[in-house]
Each structure stands twice: as C-alpha cells, then as structure tokens.
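Trainee: I'd like to learn how to read a model like this one, feature by feature. Can we go through it together?

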Amino acid sequence: MKKVLLVFITLLSSAALSFAQYAVKPSEDITLTKEYKVAANTKTAGIVAAGTGAAAWLCGSVMCAVEENRYINIHSTSGSIEEIYTLKQEARKQAGYRKGQAVEITGYVMMLAGAGTIWLGQSKIKKLKSSAGPAAATLDYGVNGAGLALALKF
C-alpha cells in the first residue's frame with residue numbers, strides 16, 4: 001500500500017513540478033552574444049591603448065630629462081645655481097627637448113583615450129549583463145533506468 005501511495009503522490013507532484021520550469025524564462029548566456037564580444041574587445045583595445053600611451057608618456061619624460069641634462073652638461077661653465085637655472089630654461093627651447101615633449105603629450109592623450117575606451121567597453125558590458133536578467137533555474141524530469149529523475153538546470 002505504501003508503494004502505491006508513494007507512486008501516486010510522485011505522479012501527481014511531477015505533473016505540477018513539470019510546469020515550474022516555465023515560471024521563469026531561462027536566461028541565455030550573454031557572453032556568447034556578438035554585442036558582448038564587441039564590448040569585451042573594446043575594453044581590451046582600451047587597455048592596450050592606455051598601456052601604450054603610458055609607455056609613450058614615460059619615454060617622452062625620459063627624453064626631456066636626458067636632453068635637458070645633456071644641454072646643461074655641455075654648456076655649463078661655473079656650475080652655479082643661477083647658471084644651471086638659466087641653462088635649464090634654454091634647454092627647454094631646444095629641438096631635442098621639444099621632440100620629447102611631443103612624445104610625452106601624445107602618450108598622455110593616448111592614455112586618456114584608452115581610459116575612455118575602457119570605460120565605454122565596461123559600461124556596455126554592464127548594460128548587457130543587467131539586461132539579461134537574473135539567472136534562473138529550470139526544473140525538468142525524465143525517465144531513466146532507475147525510474148523517474150528530477151533535474152535542476154542552472
């Protein structure tokens with residue numbers, strides 16, 4: 001009698017539980033969509049651009065310092081503070097120093113552009129993830145060798 005009652009309760013509950021999977025629409029994997037891949041590639045390109053810009057900014061700073069020191073060392077006679085200050089001001093007008101400044105400014109602008117690109121990519125990723133909705137579990141059942149099987153899919 002217990003087995004018959006148990007089978008009867010299982011059949012009744014499985015019919016009700018089988019429709020539970022339709023209560024919440026299962027969400028698709030958002031990371032496989034084209035929009036997500038474009039946003040992720042945008043973020044990656046921004047990281048590369050920001051890194052390259054930071055390296056160029058650093059190289060430009062080094063170029064400026066080297067040219068400034070070279071000019072001061074070549075033209076210094078007494079080594080007084082006033083003379084070094086004057087030579088430092090003159091060095092900033094030389095062509096080599098200006099090239100370093102151009103590289104430095106270009107690197108800084110490129111780093112800022114890369115940061116903006118990272119921000120755009122990350123904000124697009126956040127929008128796509130939030131529009132996908134929360135992940136929902138689905139309930140399914142089927143027949144296997146041991147009888148009925150109840151399965152939860154996440």
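**Reading the model, feature by feature**

Mentor: The cut-offs are under 20% for buried and over 50% for exposed, with partly exposed in between (1.4 Å probe, protein chains only). Keep in mind that this is a predicted model, where local features need pLDDT of at least 70, side-chain atom pairs count only at pLDDT 80 or more, and totals for chains, interfaces and linings use all residues. Residues are numbered from 1 along each chain as its sequence is written, and side-chain values use heavy atoms, with hydrogens and water left out.

Trainee: How many aromatic pairs are there, and how do I read one?

Mentor: A pair of aromatic rings is described by the distance of the centres and the angle of the planes. Rings of Phe, Tyr and Trp (its six-membered ring) pair if their centres lie within 6.5 Å; planes under 30 degrees apart are stacked, over 60 edge-to-face, and the rest tilted. The count here is one aromatic pair. Trp57 and Tyr108 make an edge-to-face pair, 4.9 Å centre to centre with 65° between the planes. Trp57 sits in helix H2 and Tyr108 in helix H4, so the pair ties together parts that are 51 residues apart in sequence. Tyr108 is partly exposed too, with a relative accessible area of 37%.

Trainee: Which helices and strands does the protein have?

Mentor: Helices (H or I, at least four residues) and strands (E, at least two) are DSSP runs, numbered from the N terminus. The protein has four helices and two strands, in the order α-α-α-α-β-β along the sequence.

Trainee: And which residues form the largest nonpolar core?

Mentor: In soluble globular proteins, nonpolar side chains tend to be buried together. A nonpolar core is a set of buried Ala, Val, Leu, Ile, Met, Phe, Trp, Tyr and Cys residues joined through side-chain atoms within 4.5 Å. The largest one here has five residues: Ile30, Tyr36, Ala39, Ile125 and Leu128. Helix H2 (34–75) and helix H4 (95–131) are the elements that give two or more residues to this core. Across the protein, 19% of the 154 residues count as buried.

Trainee: What does Tyr97 touch, apart from its neighbours in sequence?

Mentor: Contact means heavy atoms within 4.5 Å. Tyr97 lies in helix H4 and is buried, at 9% relative accessibility. Leaving aside neighbours within four places in sequence, Tyr97 is in contact with Cys64, Glu67, Glu68, Ala91 and Arg92.

Trainee: How many disulfides does the structure hold?

Mentor: A disulfide is a covalent bond between the sulfur atoms of two cysteines. The test is a pair of cysteine sulfur atoms within 2.5 Å, and the structure holds zero disulfides. Cys64 is buried at 5% relative accessible area, whereas Cys59 is partly exposed at 45%.

Trainee: One more: how far is Glu83 from the nearest side chain of opposite charge?

Mentor: Lys and Arg count as positive and Asp and Glu as negative, while His and the chain ends are not counted. A salt bridge needs a side-chain nitrogen of Lys or Arg within 4 Å of a carboxyl oxygen of Asp or Glu. Glu83, in helix H3 (residues 81–91), is buried yet has no salt bridge, and the nearest side chain of opposite charge, Lys88, is 14 Å away. Not counting residues up to four places away in sequence, Glu83 touches His75, Ser76, Thr77 and Ser78.
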